[in-house]
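Subject: Structure handover

Hello,

Here is the structure for you to look over. My notes come after it.

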Amino acid sequence: MKKKLSLQYVCFFLMLAILILLPFVNDSRTLMILLTQIFIFGILAMSYDILLGYTGIVSFGHAMFFGIGAYTTAVMLKQMDATLSIFFLSIVVGMLLAGFISFLVGLLTLRLKSHFFAMLTLAFAGLFLVLAEKWRSVTYGNDGFTFRAPEIFRDRMTFYFFVLTCLVVIFIVLYRFVNSPTGRILIAVRENEQRTKSLGYNTLHYKVIASIVAGTVASLAGSLYAVSLRFVNTSVMTMDITLDALLMTIIGGVGTLIGPLLGAAVIEYAQHALSGLARNYPIFERWIIFFGILYISAVIFFPKGIIGSLRLVFWKWRLKLRERKTTGALSQEKERFE
């Protein structure tokens, strides 16, 4: 167990060191923006993994919390001074607002099962999308609005390191959360909710906790996304955002935390690469078709996600290695008796 944990820590710190040194080795503005987007959507995908991977909840309304964070930060930076303190305050306000709404929505929806719950979360997301469209005095409707970011974030490298720091902190916090007693109960709910109830646990209580944690983390991702663009409109609350989080989680591997990060990297890079090829090759103008083919291929060849499939291969390899050692030991014992 200690060897396994030490290997995970080595891989984690090695990747972190590469990401820290990369801007000093390659100062490409395009690469830095792409990596920043990967970090932001990685945070969003990890928040969705708390629902899907660790609690077994399929939500179609996750973009609602992403949009709450984006609009809260954008409105506060536009109507107040674009200072660092206001930015941090907007993040806190957005996370508190998202946590409160996720608490209310969780109480109203989590009593339902499977597709009934998914459809109701979609309805709530649609309600907030309509609110963002109609409340034009604040949100400017579908047109959206631009705003000024804090002066320190005008340097893309500074913002890159800030988002990377947020990603590392959120990963550590969520890792501790899913490995806590509460996280173990969430996994039990995912595996068999009725048996968990029979053990005396109030499963609704723990599912609401998972909803609150996922909603607040998604709000943080929305705040960072808005600042990265210096622009926000109703697209931050559309179904596309939820589907992106869902695909990132499934492709990377549900219930792994590191899988959604890898899924975010795959999807964001694929979108960037395919849209870039469309400038030179007309066949890639319908790049969304190739993106769909990529997703189908990932599901076929990696049914448990990339991380889940790699874990399965590693587990089988260790099992075969253990069998060989056992066979060798038995052969030696046999030779000794003979």
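Below are the notes, from the whole chain down to single residues.

This is a predicted model, so to speak of local features we need pLDDT of at least 70, and side-chain atom pairs count only at pLDDT 80 or more, while totals for chains, interfaces and linings use all residues. Residues are numbered from 1 along each chain as its sequence is written, and side-chain values use heavy atoms, with hydrogens and water left out.

**Overall**

The protein chain holds 14 helices and 2 strands. Both are DSSP runs numbered from the N terminus: helices are H or I with at least four residues, strands are E with at least two. For 338 residues, a compact globule would have a radius of gyration near 20 Å; the protein chain has 22 Å, which agrees. That radius is taken over C-alpha atoms, and the globule rule is 2.2 Å times the number of residues to the power 0.38. Along the principal axes, the C-alpha atoms fill a box of roughly 90 × 55 × 40 Å.

Of the 338 residues, 48% count as buried. Buried means under 20% relative accessible area, exposed means over 50%, and partly exposed is in between (1.4 Å probe, protein chains only). The accessible surface of the protein chain is about 18,500 Å², and 67% of it belongs to carbon and sulfur atoms. Those areas come from the Shrake-Rupley method with a 1.4 Å probe; for residues, only the protein chains shown count as cover.

Contacts reach along the sequence. Among those between residues at least 6 apart, 76% join residues at least 24 apart. A contact here means heavy atoms within 4.5 Å.

**Helix 10**

Helix 10 has 27 residues. From its first C-alpha to its last it reaches 39 Å, close to the 39 Å expected at 1.5 Å a residue. The expected span is 1.5 Å times one less than the number of residues. Helix 10 is mostly covered, with 23 of its 27 residues buried. Just after helix 10, R230 takes a positive phi of about 60°.

**Aromatic pairs**

The rule takes rings of Phe, Tyr and Trp (its six-membered ring) with centres within 6.5 Å; planes under 30 degrees apart are stacked, over 60 edge-to-face, and the rest tilted. The count comes to 16 aromatic pairs. One of them is F41 with Y225: the ring centres are 5.5 Å apart and the planes stand at 75°, so the pair is edge-to-face. F41 lies in helix 2 (residues 29–52) and Y225 in helix 10 (residues 203–229), so the pair ties together parts 184 residues apart in sequence. Both F41 and Y225 are buried.

F171 and Y175 make another pair. Their ring centres are 6.2 Å apart and their planes at 20°, so this pair is stacked. Both residues lie in helix 7 (residues 156–178), 4 residues apart, about one turn of the helix. F171 is buried at 12% relative accessible area, whereas Y175 is partly exposed at 28%.

There is also a cluster. Ring pairs link F87, F88, F153, F159 and F162.

**Salt bridges**

Side chains of opposite charge can pair when their charged atoms come close. The rule asks for a side-chain nitrogen of Lys or Arg within 4 Å of a carboxyl oxygen of Asp or Glu. It gives 4 salt bridges.

- R136 is partly exposed at 45%, and D143 is exposed at 56%.
- E151 is exposed at 56%, and R154 is partly exposed at 47%.
- K207 and E193 are both buried.

**L112**

Where does L112 sit? Its place is the loop between helix 4 (84–109) and helix 5 (114–134). L112 is partly exposed, at 35% relative accessibility. Leaving aside neighbours within four places in sequence, L112 is in contact with F117 and L120. L112 and L164 are 52 residues apart in sequence and 37 Å apart in space, C-alpha to C-alpha.

Best wishes
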